[in-house]
Amino acid sequence: MFWTSKDIEEFLKQKEFIDTAIVPLVILEGSDLGIKQSATGAEFLMSLTNFIEQQFKGRIVLTSPITYTKSMHRKEMITSIHDELLAAGFKYIFFVTSDHEWNQIVPNYDVIWLPSIPLGDMDQKVRQSVLSDQLRQVIPMLSSKWSNQ
């Protein structure tokens, strides 16, 4: 499910089954090198989180991506987002990112870090294979939390 009014209506009706929020964390950098890397990372992250949503439809809600810069107060931002999603009724909240600094900034939250893979020029079959490989790394992280209810 996506962060749309229609899907959120369904979430509100089915909270006992739709218990997980996936929050993509996308960095925005302005330097010539940084802007290209952040765009590549955003493309990868959005493709991957959309793929995760497809695989776990009916169990998770994929939120809008959270875009940030290095100068922002990220710990407060994440705490606020986490608290709002808990208040909304989500039992499990996972932040997905390609920025390795998040694990050091917010070690008490469920942050899934995956290195960014440039998908832009890939053939669709290769792209699907790469996303499937990445999903295989994410599934144990999700399953571990879900089984420790």
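Student: Where is Leu119 placed in this model, and what makes it count as buried?

Tutor: In this predicted model, Leu119 sits in the loop between β5 (110-113) and α5 (124-147). Buried means under 20% relative accessible area, and Leu119 has 0% relative accessibility, so it counts as buried.

Student: Which residues is Leu119 in contact with, leaving aside its neighbours within four places in sequence?

Tutor: With those neighbours set aside, Leu119 is in contact with Glu43, Phe44, Ser47, Arg127, Val130 and Leu131, where contact means heavy atoms within 4.5 Å. The C-alpha atom of Ser98, by comparison, is separated from that of Leu119 by 14 Å, the two residues being 21 apart along the chain.

Student: Why is Ser64 called partly exposed?

Tutor: The term covers what lies between under 20% and over 50% relative accessible area, and Ser64, with a value of 36%, is therefore partly exposed. Ser64 belongs to the loop between β2 (60-62) and β3, and, not counting residues up to four places away in sequence, it touches Trp3 and Pro24. Its C-alpha atom is separated by 9.3 Å from that of Leu25, a residue 39 places away along the chain.

Student: How do you know that the span of helix α3 agrees with what its residues should give?

Tutor: Helix α3 has 15 residues (74-88), which at 1.5 Å a residue should span 21 Å, and its end C-alpha atoms are 21 Å apart, so the two values agree.

Student: Which residues of α3 are buried, and what puts them on the same side of the helix?

Tutor: Arg74, Met77, Ile78, Ile81, His82 and Leu85 are the buried residues of α3. They cover an arc of only 125° around the axis, and therefore they lie on the same side of α3. An α-helix has 3.6 residues a turn, so residues three or four places apart point the same way. The buried residues of α3 pack against β1 (20-27), β3 (66-68), β4 (92-97) and α4 (102-105), whereas the face turned away from the buried side carries the exposed residues Lys75, Glu76, Glu84 and Ala87. After α3 comes Gly89, with a positive phi near 115°.

Student: What gives the most to the lining of the largest pocket?

Tutor: That is α2, with six residues, in a pocket whose volume is about 220 Å³. The lining consists of 17 residues, and Ile27, Glu29, Gln37, Ser98 and Asp99 lie nearest the centre of the pocket. By kind, the lining residues divide into six nonpolar, eight polar and three charged.

How values were computed
Residues are numbered from 1 along each chain as its sequence is written. This is a predicted model: local features need pLDDT of at least 70, side-chain atom pairs count only at pLDDT 80 or more; totals for chains, interfaces and linings use all residues. Side-chain values use heavy atoms; hydrogens and water are left out. Helices (H or I, at least four residues) and strands (E, at least two) are DSSP runs, numbered from the N terminus. The expected span of a helix is 1.5 Å times one less than its number of residues. Buried means under 20% relative accessible area, exposed over 50%, partly exposed in between (1.4 Å probe, protein chains only). The arc is that of the directions from the helix axis to the C-beta atoms. On a 1 Å grid over the protein atoms alone, a cavity is a set of points where a 1.4 Å probe fits but cannot get out, and a pocket is an open set with protein on both sides within 12 Å along at least five of seven lines; lining residues have an atom within 4 Å of a point. Grid points are joined across faces, edges and corners, and a volume is the space filled by probe spheres set on the points. Ala, Val, Leu, Ile, Met, Phe, Trp, Tyr, Cys and Pro count as nonpolar, Asp, Glu, Lys and Arg as charged, and the others, Gly among them, as polar.
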